[in-house]
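Please look over the sequence and the structure shown here before reading on.

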Amino acid sequence: MKKIAFILFLAFNISQAQGIKIKGSDTVLPLGQKEAEAFNKKSNANVSVTGGGSGVGISSLVDGTTDIAASSRKIKMDEKMRLQEAGKKFKEIVVARDALTVIVHPENKVSQLTREQLEGIFTGKIKNWKEVGGADLKIVVYSRETSSGTYEFFKEIVLKRKNFSSSVLAMPATGAIVQSVSQTKGAIGYVGLAYLDKSTKAIKVSFDQGKTYTESNLQTAKAGTYPIVRPLFFYYLTKDETRVKALVDYILSPVGQTLAEKSGYISAK
Amino acid sequence: MIKKYFEKLQIALLAISSMITTVTIFLIVVFLFSYGIKFFTNSSIEKGYDIVVHESNPIQKLSPVILQQIFDQEYTFWHEVGGNQDSLEILHFEDLPNYYTEEQIGAEFELVGACITDYLSKHPNAITIIPSINIDSSFKGKIVEVASIKFTDVFTTQKWFPTSKPIALFGILPMIIGTLLVSFGAIVLALPFGIACAIYMAEIMKSRWRKYLKPTIELLAGIPSVVYGFFGLVVIVPIIKNVFQLEVGETALAGSIILAIMALPTIITITEDAIQNVPNSVREASLSLGASKWQTILYVVLPFAKNGIITATVLGIGRAIGETMAVLMVTGNSAIIPNSFLQPVRTIPATIAAELGEAPFGGTHFQALFTLGCILFLFSMGINLYVNYTSRSKN
């Protein structure tokens with residue numbers, strides 16, 4: 001009898017200790033893992049993080065198979081409506097930010113571009129580097145997949161919601177863009193700040209018709225002078241707020257935000 | 001007595017497992033098609049939105065392609081799309097907060113209808129989108145009719161913009177052509193190599209060496225496709241770029257080469273087995289008639305092993321047409337119709353693999369990807385049936 005009671009007690013405890021699940025964007029994944037690891041150590045909690053994509057994360061939130069959906073894009077209207085249909089109210093918080101850098105082949109002479117020039121290049125109106133002050137070389141545009149949050153953000157900010165040219169090369173991962181740009185002379189692409197290295201050259205951009213060109217780095221992104229910075233989101237249901245509050249507060253605390261910066265992100269505020 | 005029942009039980013187990021396999025395959029196909037067909041009932045406007053213009057605007061309906069070009073700012077006047085002489089203005093829904101304060105829009109966006117009515121009265125030449133739930137008594141404007149997705153549009157449009165807002169375009173023609181091109185190239189490269197290698201291994205090579213070569217080739221089949229893809233991106237893509245003096249190395253040819261390498265183990269092992277299974281008496285008969293070794297292989301052994309070679313080809317094509325990850329990494333994935341092997345292409349499996357994870361569950365884009373899956377399924381089934389049919393009818 002005692003044994004059974006003990007087992008019941010254990011089972012009850014395990015179900016109580018069932019941790020918080022975070023699921024979604026692969027861009028947010030490394031951040032989520034770092035934060036979860038530190039939070040688990042600090043408050044003896046059980047937070048687990050998985051990837052799969054922003055869409056997967058949000059649909060899991062609708063289905064109730066995750067507690068927090070991580071997303072590198074804002075929740076879409078039809079996803080919002082599906083949550084509404086299910087009678088679920090949700091909250092959105094910005095956990096960190098990410099800066100996108102435009103990169104070219106290291107031998108490219110061009111080192112700065114305006115937003116209008118970038119728009120021309122990515123929509124296919126500008127086809128040769130000599131049109132923007134470079135060598136007589138065809139521009140090869142590398143982009144991310146159409147459904148990635150990175151793609152949508154770049155489209156919104158740099159292309160002013162115009163569509164990319166059909167002939168851009170869509171790469172499955174940011175690492176693949178870095179690899180391809182480093183081995184293609186006329187290449188241009190965009191990657192997260194954390195992916196910058198010596199194999200490619202970062203371009204200074206101007207969002208004021210060429211008056212000032214800004215380099216992308218942690219300082220300019222944080223100061224708000226670098227324009228291509230996007231927020232990264234956590235979505236959770238209002239009814240779970242008490243459960244996830246401690247974790248969210250930890251991520252937004254100075255300790256959590258320093259951790260985000262160490263992993264190559266920019267703090268939320 | 002017990003033995004008899006035991007035997008019956010064993011047979012029943014065999015029957016059950018084959019039943020389960022069949023039912024599972026059937027269910028997967030039903031699942032695939034149930035989503036894939038739903039796609040054609042959707043509108044190409046983002047779910048939950050409508051396109052609106054001012055009441056005085058004579059435009060009644062617009063095609064999805066024209067609408068997409070309007071929102072890409074490719075037109076400046078309404079008469080270019082069949083309207084009056086006025087200039088064309090666009091209001092993106094996301095820009096609404098630039099014109100109205102938060103109180104005017106409402107905390108739950110409940111006053112959007114009034115805001116858009118106000119905007120349209122000030123800008124009678126504007127076109128914009130509005131959430132369908134906001135079309136209420138406070139809203140005055142004309143809803144533009146947009147045709148739902150048609151079967152013919154999907155197969156003739158050449159633009160694949162599945163996430164474009166507010167109008168998404170789902171033209172899958174470039175991807176069908178891309179898939180067929182890459183698979184065709186792969187088979188053309190892999191078959192001669194594979195069959196030659198199999199003949200050499202089965203007929204000419206000393207069995208001492210074959211003992212080592214065959215497991216090595218079979219090992220190739222066990223390498224994950226991501227590894228092939230990465231190898232392709234880092235090694236084959238630059239080689240193609242330098243050899244053909246191209247601007248981009250990510251081409252259909254790169255995909256074909258990688259797929260050929262991946263299909264080789266299947267083709268070699270099955271062909272080799274088929275050749276091994278040719279009875280020795282047949283070979284001896286041929287040799288005793290004075291035929292040389294080469295003549296024996298070409299005119300006796302190969303025709304005898306024909307069915308095995310066809311199976312190898314079908315399985316090889318299956319591997320090539322359905323491969324995702326390796327192709328995704330080396331073909332560049334531009335959704336344009338290629339006119340040579342030296343251009344970037346986008347294949348159906350690569351598109352599904354790259355986009356399914358991020359597409360909102362159950363949405364139009366999600367269903368479009370299932371439609372692509374259905375097409376892929378029909379392709380490989382068609383090829384299977386065709387090859388089976390032709391090989392059987394010749395026997």
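## A buried isoleucine in chain A

A:Ile126 has a relative accessible area of 16%, and because buried means under 20%, A:Ile126 counts as buried. This value, like the others in this report, is computed from a predicted model. A:Ile126 is found in a loop of chain A, the one that runs between helix H5 (115-123) and strand S6 (140-144).

Which residues is A:Ile126 in contact with, once its neighbours within four places in sequence are left aside? They are A:Gln117, A:Gly120, A:Ile121, A:Glu131, A:Val132 and A:Ile139. For A:Ile139, the separation from A:Ile126 is 13 residues in sequence and 8.1 Å in space, taken from C-alpha to C-alpha.

## The domains of the two chains

The domain assignment of chain A gives domain 1, made of residues 2-97 + 231-262, and domain 2, made of residues 101-223. The C-alpha centres of these two domains of chain A lie 33 Å apart, and the contact takes six residues from domain 1 of chain A and five residues from domain 2 of chain A.

Chain B is likewise divided into domain 1 (49-170) and domain 2 (173-393). Taken over C-alpha atoms, the centres of domain 1 of chain B and domain 2 of chain B are separated by 47 Å, while the contact takes ten residues from domain 1 of chain B and 15 residues from domain 2 of chain B.

## Two buried residues of chain B

B:Gln68 lies in helix H2 of chain B, which covers residues 64-71, and B:Gln68 counts as buried, with 2% relative accessibility. Apart from its neighbours within four places in sequence, B:Gln68 is in contact with A:Asn163 of chain A and, in chain B, with B:Lys159, B:Phe161, B:Ser164, B:Ile167 and B:Leu169.

B:Gly113 belongs to helix H5 of chain B, residues 112-122, and is buried as well, at 1% relative accessibility. When residues up to four places away in sequence are not counted, B:Gly113 touches B:Ile130, B:Asn134, B:Ser138 and B:Phe139. B:Gly113 and B:Ala291, by comparison, are 178 residues apart in sequence and 88 Å apart in space, from C-alpha to C-alpha.

## The largest pocket

The largest pocket has a volume of about 1500 Å³, and its lining is formed by 48 residues, of which A:Lys74, A:Ile75, A:Lys80, A:Glu92 and B:Phe109 lie nearest the centre of the pocket. The elements that give two or more residues to this lining are, in chain A, helix H4 (77-85), strand S4 (90-104), helix H6 (149-157) and strand S11 (229-237), and, in chain B, helix H3 (96-99) and strand S4 (126-131).

Which element gives the most to the lining of the largest pocket? It is H6(A), with six residues. By residue type, the lining of the largest pocket divides into 21 nonpolar, seven polar and 20 charged residues.

## The cysteines

How many disulfides does the structure hold over all chains? The number is zero. A disulfide is a covalent bond between the sulfur atoms of two cysteines.

Key. Residues are numbered from 1 along each chain as its sequence is written. Chains are lettered from A and ligands numbered from 1 in the order in which they are written. This is a predicted model: local features need pLDDT of at least 70, side-chain atom pairs count only at pLDDT 80 or more; totals for chains, interfaces and linings use all residues. Side-chain values use heavy atoms; hydrogens and water are left out. A disulfide is a pair of cysteine sulfur atoms within 2.5 Å. On a 1 Å grid over the protein atoms alone, a cavity is a set of points where a 1.4 Å probe fits but cannot get out, and a pocket is an open set with protein on both sides within 12 Å along at least five of seven lines; lining residues have an atom within 4 Å of a point. Grid points are joined across faces, edges and corners, and a volume is the space filled by probe spheres set on the points. Helices (H or I, at least four residues) and strands (E, at least two) are DSSP runs, numbered from the N terminus. Ala, Val, Leu, Ile, Met, Phe, Trp, Tyr, Cys and Pro count as nonpolar, Asp, Glu, Lys and Arg as charged, and the others, Gly among them, as polar. Domain bounds come from an automatic or database domain assignment. Contact means heavy atoms within 4.5 Å. Buried means under 20% relative accessible area, exposed over 50%, partly exposed in between (1.4 Å probe, protein chains only).
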